[in-house]
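Student: Can you walk me through how this protein is packed? I'd like to look at it first and then ask things.

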Amino acid sequence: MLNYFQKYQAQTSPHPLGLEISHAKGSYIYDIENNAHLDFVAGVSATPLGHNHPKVVEAIKTQLDKYMHVMVYGEYVQKPAVELAKLLAENLPEPLEQTYLTNSGTEAIEGALKLVKRATGRSEIISVKNAYHGNTMGSMSVMGYEERKQAFRPLLPNVTFISFNKFEDLNNITTKTAAVILETIQGGAGFILPQKNYLEAVRKRCDKVGALLILDEIQPGFGRTGKLFGFQHYNCTPDILVTGKALGGGMPIGAFTASKKLMLLLQDNPKLGHITTFGGHPVIAASALATLKEITETNLINETLEKEKLFRKLLVHPLIKEIRGKGLMLALIMENADITNQLILKCKDQGLILFWLLFEPKAVRITPPLTISKQEIKKGCNIILSILNEIIS
Ligand SMILES: Cc1ncc(COP(=O)(O)O)c(C=O)c1O
């Protein structure tokens, strides 16, 4: 299969990990030789309940037996999508009331960017350095990492960049600005938390000049940071919340949520302000609904903070310079990229899955399923420590 993988499936990295998967369950992925790999990555934060959670699988199967795709977005009333949007609204503060479901995170960002232009009549978007919002043209335009976008120019005009956590830069947000777009916690940049009062200050500045605030919670959303949404730590509610990844419970999805007043603009001048064939797909919505119910009806979110404490207690080693992030969105910062590469690759051989972050070569991603047990955390941390001892000796 590896031969065919290389021959027929387009790769975007010259060095894919190439693990040949047989099946996956809970916190483990099994390869075709039935070796168990403990998963500290969770499909890059996209499987919050681990692999093949029984309630999610049951919801998918039940919906499969009823119907799959029947019509393009928003024309028919499809219960799983309606219930999902309702449950999201019930768990969000005002004015975040209506949700538009997409097929991926980047598509939801595109929708949000279109909506802010339509709502304000302005075209300037302010993003931040080292931001990541996805890989389509609009999302790439607001990506704050020139090296990865240079080859694809021209991108969207009128996008400018400020520094995350730099309060002085907020003066660049003016009456010409349609919106500021931020990741609540910067992901690709190295799991960088907003400083105290930073998001609040962004919110205030946006309100002062009539700009909208888009928060991208595609990674921190759905309990990973110890609250259902990351912004709930910071006394700042966005005008548009963008989600994805964990929302689908292992299925492909994205969403943007805003006030009804804002969302009504998608219906008019022009109508069909954003359309997509498969958004709100009933099987995916059923998976998302079962996932969101499980996250909100159990103690998983509170446990996240206890599990973070355990990681921080166990992962003490001279080669680990810092542990960044919050909850189960953690990044080990190593002395240099070489140690990071060695650690990730050697852990893979020892049955522990770790991964890189996009723009911080010294970082090792630790984003396990929220359902990971304390015993599994201890087991994985022991592997990390033994490999680090090997590297240092
Ligand atoms: C913060 C953030 N925004 C947007 C995206 C893009 O989402 P997707 O890959 O589903 O298009 C990602 C994916 O990694 C992300 O982490």
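Student: Which residues have the most contacts inside the largest nonpolar core?

Tutor: This is a predicted model, where local features need pLDDT of at least 70, side-chain atom pairs count only at pLDDT 80 or more, and totals for chains, interfaces and linings use all residues. Numbering runs from 1 along each chain as its sequence is written, and side-chain values use heavy atoms, without hydrogens and water. A nonpolar core is a set of buried (under 20% relative accessible area, 1.4 Å probe, protein chains only) Ala, Val, Leu, Ile, Met, Phe, Trp, Tyr and Cys residues joined through side-chain atoms within 4.5 Å. The largest one has 87 residues, and those with the most contacts inside it are Leu182, Leu315, Leu332, Leu343, Leu354 and Ile384.

Student: From which domains does this core draw at least three residues each?

Tutor: Domain bounds here come from an automatic or database domain assignment. The core takes at least three residues from each of domain 1 (2-52 + 299-392) and domain 2 (56-297).

Student: And how many residues does each domain put into the contact between them?

Tutor: Taken over C-alpha atoms, the centres of domain 1 and domain 2 are 26 Å apart. Contact means heavy atoms within 4.5 Å. On that basis, domain 1 gives 28 residues and domain 2 gives 34 residues.

Student: Is tyrosine 76 buried, partly exposed or exposed?

Tutor: Look in the loop between α3 (54-66) and α4 (79-90), with helices being DSSP runs (H or I, at least four residues) numbered from the N terminus. Exposed means over 50% relative accessible area, and partly exposed lies between that and buried. Tyrosine 76 has 47% relative accessibility, so the label is partly exposed.

Definitions and conventions: Helices (H or I, at least four residues) and strands (E, at least two) are DSSP runs, numbered from the N terminus.
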